[in-house]
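Subject: Structure handover

Hello,

Here is the structure I promised to pass on. Please open it and keep it in view while you read.

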Amino acid sequence: MKITVIGAGNVGATTAQRLVDKQLANEIVLVDVLDGIPQGKALDIYESTPVEKTDVKVVGTNTYDATAASDIIVITAGIARKPGMSRDDLMNTNSGIVKSCTEASVAQSPNAILIVVSNPLDVMSYVALKVSKFERHRVIGMAGVLDTARFRSFIAMELNVSVEDVSAFVLGGHGDSMVPLPRYSTVAGIPITELLDKAALERLVKRTRDGGIEIVNFLKTGSAYYAPSSSAVAMVESIVKDKKRILPCAAYLQGEYGLQDTFAGVPVKLGRKGIEEIMQIKLNPDEQAALNKSAEDVKQSIGKLKL
Ligand code: APR
């Protein structure tokens, strides 16, 4: 198993470190345009392996030769949000970056599975799909795992219970119109709608939607990377180990949930082939309307792309 991580910034380097700590590959290749950064971080991570008692080759590079024949490529390259910037503000810069990274990496690894992390997530996933010309089950966006992790954290904090017993559901785009679904979110199997009143639910849903900007406002010089890297690695793990976990991921939809030709966060089965199934759950009219609105926002952004 060989995994390439493109972008050796906060998300990329932390992803590489987590992949190594969990020994999810024999070889990890870290790529960045900055001279010395991927080389230095890769060497530093490799030097942690004798201490961590892991055994993974870690390589840093500014070119794509060493990425050849990767099984999975995680794209984190791009600029991160600063206070006052929406994910869409990133679109023009990051679409050029994601396009070039996709072209260069898939030329070396035509059979890889692409996991996109760069924002705006749904639009960047679309760029990677179109540029790679891969089948849709091999291009997957990381958003829902992070959004549900945030929702789960806030539910656990609110009820003062372990995160272990909290599961949550979020659909739609990774943006202001994402659709957290309290009805499908539970604590030890009990729907949170039974445990929290409407005002509390709305507060937690809003905090989840604003989860990214809450961190940006604290950090001021960048955006979140610990939970985003954990989330990307959870997806990688399900693929590498063929676990067939059901995770909310951004998938290219062709009629599912009544949506066409767009990426949206939906529950998918992740296994060795990538997306092995898109799970269709029943939505009530309000939830479907919220998902439609979220998908419409993503489509509008896709319409503005210059590929
Ligand atoms: N090829 C490879 N790497 C690139 C390229 C490129 N064409 N362009 C930029 N990069 C690198 C930068 O040099 C930098 O090291 O991408 C890295 C991004 O790292 P950070 O600035 O630390 O950003 P990070 O917090 O990692 O976020 C990366 O993930 O969560 C999203 O919104 C976030 O889009 C952003 C991305």
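Below is what turned up around the ligand and in its pocket.

Please note that this is a predicted model.

The ligand

The ligand is surrounded by 20 residues. The closest are N10, V11, D32, T76 and N119. By class, this shell holds 10 nonpolar residues, nine polar ones and one charged one.

Look at the backbone next. A backbone N or O atom of V11 lies 2.8 Å from an oxygen atom of the ligand. For N10, a backbone N or O atom is 2.9 Å from a ligand oxygen. For I79, the distance from a backbone N or O atom to an oxygen of the ligand is 3.3 Å. On its own, the ligand has 720 Å² of accessible area, and the protein covers 85% of that.

Which elements give two or more residues to the shell? They are α1 (10-21) and α3 (91-108). The largest share, four residues, comes from α3.

The ligand takes up the space of the largest pocket. That pocket contains about 850 Å³ of space. It is lined by 44 residues. T76, A77, G78, I79 and A80 are the closest of these to its centre.

Several helices contribute to the lining. At least two residues each come from α1, α2 (37-52), α3, α5 (144-159) and α7 (211-219). Again α3 gives the largest share, here five residues. The lining divides into 22 nonpolar, 16 polar and six charged residues.

Best wishes

Terms used: Residues are numbered from 1 along each chain as its sequence is written. This is a predicted model: local features need pLDDT of at least 70, side-chain atom pairs count only at pLDDT 80 or more; totals for chains, interfaces and linings use all residues. Side-chain values use heavy atoms; hydrogens and water are left out. A residue is near a molecule or strand if one of its heavy atoms lies within 4 Å of it. A polar contact is a pair of N or O atoms within 3.5 Å; within protein, one must be able to donate a hydrogen and the other to accept it, and residues adjacent in sequence count only if both atoms are side-chain atoms. Accessible areas come from the Shrake-Rupley method with a 1.4 Å probe; for residues, only the protein chains shown count as cover. On a 1 Å grid over the protein atoms alone, a cavity is a set of points where a 1.4 Å probe fits but cannot get out, and a pocket is an open set with protein on both sides within 12 Å along at least five of seven lines; lining residues have an atom within 4 Å of a point. A molecule sits in a cavity or pocket if more than half of its atoms lie within 2 Å of its grid points. Ala, Val, Leu, Ile, Met, Phe, Trp, Tyr, Cys and Pro count as nonpolar, Asp, Glu, Lys and Arg as charged, and the others, Gly among them, as polar. Grid points are joined across faces, edges and corners, and a volume is the space filled by probe spheres set on the points.
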